[in-house]
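Visitor: Please put the chain on display, and then we can go through it by question and answer.

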Amino acid sequence: MRNVLYTNMDGALLKGTDVEIKRSIKPAIKLIRITTVPASLLILLRNQLKFMSRFYNVLAVSSPGRELEDVQFSEGVPTVAVKMSRAITPLQDIRAIYLLYRLFKKEKPAIVHTHTPKAGFVGMIAARLAGVPIRLHTVAGLPLIEKKGLKRKMLEWVEVVTYAGATKVYPNSHKLASFISEKKYCKPAKLKILGNGSSNGIDTDFFKLNAGIAAEATKIKEQLSIGENDFVFVFVGRLVRDKGVEELVEAFNIIRAKDLQVKLLLVGCFEPELDPLNKKTARQIETDTNIIHVGFKKDIRPYLAISHALTFPSYREGFPNVPLQAGCFDLPSIVSDVNGCNEIISHGKNGLLVPAKNSHALAEAMKNLYTDKSLYNMLKNNSRQTIVNRYDQKHFWNLLLREYQNQVNEYAAL
């Protein structure tokens, strides 16, 4: 006989022998996944919860909204709404901790797995207080990297508290793990990177050009008045300062002054309440006919299909999905030489690396892709296969599933 985990009729997590588990009415182990906003469940973790629900009793938790209802439909798992703020809001955070604590005491999960900074902070505290045995947190970027002074110290404290509450921490890139270890936010033994990085891998079958996407792309191209000879640089993400959007617009101005036939396609929304662009940049985005702003799109594939290269000059990242998605559409990427980006993109192989916050270096890289056809074609030809070889989604899901099973087995053996 061996020790295993099981749940009784009330859903309580118990340890027992093989014989005892056969007497259990409800053997499925409960897994609760939490993000601050439902878009992270819906987009960043797309289909992962559906896969895990084949092996665990999965419950998804995030802030309320229509998108959380979409998660229930698309992932096929129940959801619970708990309001969480992405800003620093102590009173609201205390309430979120209390609500999550009550939820955990009611649901009695074996595993709570959090993503995003605020969900990690309130979720790990609540899970520890509720006695949840396996508490996991994925780190997919650190906003504190771009902060200074008191705000940075506060954000560092949040990370330390989050990691202290977790039994295991999963940075989604190797360089992010090194940064956390160097800053001593937690002991290195608590850190683990799954595979080559990422939080969800990439569905290389979904992000692939087909006849339907090509037809939709043709319509969009006509609607946006993009000419056959226009070279389209695309950016996908939040239109905020720390994504490098100000430098991107400035770089675009530099290359357009050289009479290059280029367009800049921006797919994403402004977030003026968190990290606003300067007024000059925001105004140009909305008025410049060569800058095409289409807002947030649930399906970015047709927009990648009408583009020639990705520009992603972010100041900081954990392990971004956008270069993975663009690469699957054979797009070379120009990305900042920062954590995550420089693990996906190899300079001169499937894209180009440029220093963060440097509009002139970005402009030079954009010009090189436009003018040097042999360089462009070489990077383009390598783009998709590089992503397929390293970041296939199903492989990542199985690594995470194995990690869950290992954590459960380790707890059962105690």
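Visitor: Between which two elements does Lys357 lie?
Guide: Helices (H or I, at least four residues) and strands (E, at least two) are DSSP runs, numbered from the N terminus. Lys357 is part of a loop. On its two sides are strand E14 (351-354) and helix H15 (359-371).

Visitor: What kind of model is this?
Guide: Residues are numbered from 1 along each chain as its sequence is written, and side-chain values use heavy atoms, leaving out hydrogens and water. Local features need pLDDT of at least 70, side-chain atom pairs count only at pLDDT 80 or more, and totals for chains, interfaces and linings use all residues; the model is predicted.

Visitor: Is Lys357 buried, partly exposed or exposed?
Guide: Buried means under 20% relative accessible area, exposed means over 50%, and partly exposed is in between (1.4 Å probe, protein chains only). Lys357 has a relative accessible area of 45%. That value makes Lys357 partly exposed.

Visitor: What is the phi of Lys357?
Guide: Most residues other than glycine have a negative phi. Lys357 is not a glycine, yet its phi is positive, at about 65 degrees.

Visitor: Asn47 also has a positive phi although it is not a glycine; is Asn47 buried or exposed?
Guide: The phi of Asn47 is about 75 degrees. Asn47 is in the loop between helix H2 (38-44) and helix H3 (48-52). Its relative accessible area is 16%, so Asn47 is buried.

Visitor: How far apart are the end C-alpha atoms of helix H5?
Guide: The expected span of a helix is 1.5 Å times one less than its number of residues. Helix H5 has 18 residues (90-107), so it should span 26 Å. The model agrees, with its end C-alpha atoms at a distance of 25 Å.

Visitor: How wide is the arc of the buried residues of H5, seen down its axis?
Guide: The buried residues of H5 are Asp93, Ala96, Ile97, Leu100, Leu103, Phe104 and Glu107. The arc is that of the directions from the helix axis to the C-beta atoms. The buried residues line one face of H5, because they fall within an arc of 130 degrees.

Visitor: Which exposed residues are on the face of H5 turned away from its buried side?
Guide: The buried side of H5 has cover that includes strand E3 (30-34), strand E4 (57-62), strand E5 (79-81), strand E6 (111-115) and helix H6 (117-129). The face turned away carries the exposed residues Leu91, Ile94, Arg95 and Lys106.

Visitor: What does Asp93 touch, leaving aside its neighbours within four places in sequence?
Guide: Asp93 lies in helix H5 and is buried, with a relative accessible area of 9%. Contact means heavy atoms within 4.5 Å. By that rule Asp93 is in contact with Lys118 and Val122.

Visitor: How many residues does the largest nonpolar core have?
Guide: A nonpolar core is a set of buried Ala, Val, Leu, Ile, Met, Phe, Trp, Tyr and Cys residues joined through side-chain atoms within 4.5 Å. In the largest one, the residues with the most contacts inside it are Phe233, Leu265, Ile334 and Leu369. The number of residues in this core is 63.

Visitor: How many residues are in the second, separate core?
Guide: Its members include Leu100, Phe104, Ala130 and Leu191. Leu100 and Phe104 are also among the buried residues of H5. The residue count of this second core is 34.

Visitor: Which residues of H8 are buried?
Guide: Their cover includes strand E7 (134-139), helix H7 (149-165) and strand E8 (168-171). The buried residues of H8 are Leu176, Ala177, Phe179 and Ile180.

Visitor: How far apart in space are Ile193 and Val139, C-alpha to C-alpha?
Guide: Ile193 is in the loop between helix H8 (174-182) and helix H9 (211-223). In sequence, Ile193 and Val139 are 54 residues apart. In space, their C-alpha atoms are separated by 10.0 Å.

Visitor: What is the radius of gyration of the chain?
Guide: The chain has 17 helices and 14 strands. The radius of gyration is taken over C-alpha atoms, and the globule rule is 2.2 Å times the number of residues to the power 0.38. For 414 residues the rule gives 22 Å, and the chain is close to this, so it is as compact as a globular protein of that length. Its radius of gyration is 22 Å.
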